[in-house]
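Open the model in your viewer and keep the selection panel at hand. This tour goes from stop to stop.

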Amino acid sequence: MSASTFNTMRHDWSLAQVRALFTQPFNDLLFQAQTVHRAHFNANRVQVSTLLSIKTGACPEDCKYCPQSGHYNTGLAKEKLMQVQAVLDEAARAKAIGATRFCMGAAWKHPSAKDMPYVLKMVEGVKALGLETCMTLGKLDQAQTAALADAGLDYYNHNLDTSPEFYTSIITTRTYSERLQTLSYVRDAGMKICSGGILGMGESLDDRANLLIQLANLPEHPESVPINMLVKVAGTPMENAEDIDPFDFIRMLAVARIMMPQSHVRLSAGREAMNEQMQALAFFAGANSIFYGDKLLTTANPQADKDMLLFSRLGILPEAHEDHADEVHQAAIEHALMDQKSSEQFYNAAV
Ligand code: SF4
C-alpha cells in the first residue's frame, strides 16, 4: 500500500473495490485499517459521547429493528418530550463522568413546530455547559435545520441504516432519498454529520459494502460514522434475527476506517453484547468513538466505569474536545483514570 493510500480522501468507491477490501485476509485488512488509522488519528485516543433519549417510544416510523416504533409491541414505556432543565441536568452529569459530546435523541418522524422551541433551548443549554451537541430528531426541513445550526448544534445524527437495495425490507414509512435529503440540508447548514448503519438484520456483504459506499461517496464524508450491531428486542420483527460472525462486524469497522480515513468510526449499539476482547479488536480495526453512560437510548449500555477500566487496561485515553484543547477537562479524565490504575483490578498494558 503506497503512502498516498493512507491520505487519500476518496468519494468514488466502486462495489468491486469495496468487496475486495472486505474479502481480503483478516490480518491484511486489520493491518491496512490500523495503518490508515495511525496516519490520521492518535491510535490510543477514543472519543466518548453520552446519549440521552429526550422523547421515548410511539414513533410513527416502522423501522423493523427499533423498540421505539409504535408499530410493534415491545412493552417500552413511552415518555413525552423531557423538560429542558431535566435534559441539562443529565448533560451536566455526562460531563462530570468525562463525556465531551452530548447526544439527544427523540423518537419522531420529524420535529413538530410545537416542540422546536424546547429542542432549541436544549441545544443552547448543553452548548453553554461546554459540551459538543448532537441531536437525532428524524427528518428535517430546511428551516428547522437552519434553526438548529443557529442554536449551536454541532452534529446531526441521521443514519442510512443499510444499503439502498435492502432498505425497503427494513423500513417502509420513510424513503432512502428522504434520508439523503436531510443529510444534505444538515451539510448545507454547516453542521457536522453523524450517519452510519446497523449490521445483523439479514443484509448481505454487498449491502454492507453499498451502505459504506453511500456514506463515503457523499461530497464530504460524515464526521462520525456509527456502526451498530443489531440489538434483538423482543416484540420487534428482528427479535429472532441470526447472529452475525463477530469477525464480520470487525471487518465492517476496518473497511469503514479505510474508506473514511478522517471520520470518527463509532462502536455503537450492541456493544454490550461484545466481550472486552472484541471491543479491543474493534479499536484496533479503527473504531475511535463510543457511547457511554447508563443507557444507549432504550437499550442497556455498559457502565461508564467498566469502559474506563477497559480503556486503562488498553492504555487508551478519552479524546479531548475536538475544537479546543480543554486541558482542565482532560486533566480531570486522566486523574480519574489514574485512580482506577491504583485499583487492584488494573492491569498495566505498558509493563
Ligand atoms: S429508528 Fe428512529 S425513526 Fe425508526 S422507529 Fe426507531 S425512533 Fe422511529
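**The ligand**

Select the ligand and its surroundings. Around the ligand you find Cys59, Glu61, Cys63, Cys66, Gln68, Ser69, Ala107 and Gly138. A residue counts as near if its C-beta atom, placed from the backbone, lies within 6 Å. By class, this shell has four nonpolar, three polar and one charged residues. Here Ala, Val, Leu, Ile, Met, Phe, Trp, Tyr, Cys and Pro are nonpolar, Asp, Glu, Lys and Arg are charged, and the others, Gly among them, are polar.

**Ground rules**

This is a predicted model: local features need pLDDT of at least 70, side-chain atom pairs count only at pLDDT 80 or more, and totals for chains, interfaces and linings use all residues. Residues are numbered from 1 along each chain as its sequence is written.

**The annotated site**

Next, select Cys103, Cys134, Cys194 and Arg266, which an unreviewed UniProt entry annotates as "binding site". They span 164 residues in sequence, yet no two of their C-alpha atoms are more than 14.0 Å apart, so they gather at one spot. Such annotations may be inferred rather than shown by experiment. Cys194 is in strand β5, residues 192-194. Strands are DSSP runs of E, at least two residues; helices are runs of H or I, at least four.

**Two helices**

Now select α9 (residues 205-216) and α10 (residues 246-259), which pack at about 25° with axes 10 Å apart. That makes α9 roughly parallel to α10 (angles under 35 degrees count as such). Color the contact: Arg208, Leu212 and Ala216 of α9, and Met252, Val255, Ala256 and Met259 of α10. Contact means C-beta atoms, placed from the backbone, within 7 Å. These residues divide into six nonpolar, no polar and one charged.

Technical notes. Axes are lines fitted to C-alpha atoms, for helices over the stretch in contact, and angles run from 0 to 180 degrees between N-to-C directions. Angles under 35 degrees count as roughly parallel, over 145 as roughly antiparallel, 65 to 115 as roughly perpendicular and the rest as oblique. Two residues are in contact if their C-beta atoms, placed from the backbone, lie within 7 Å.
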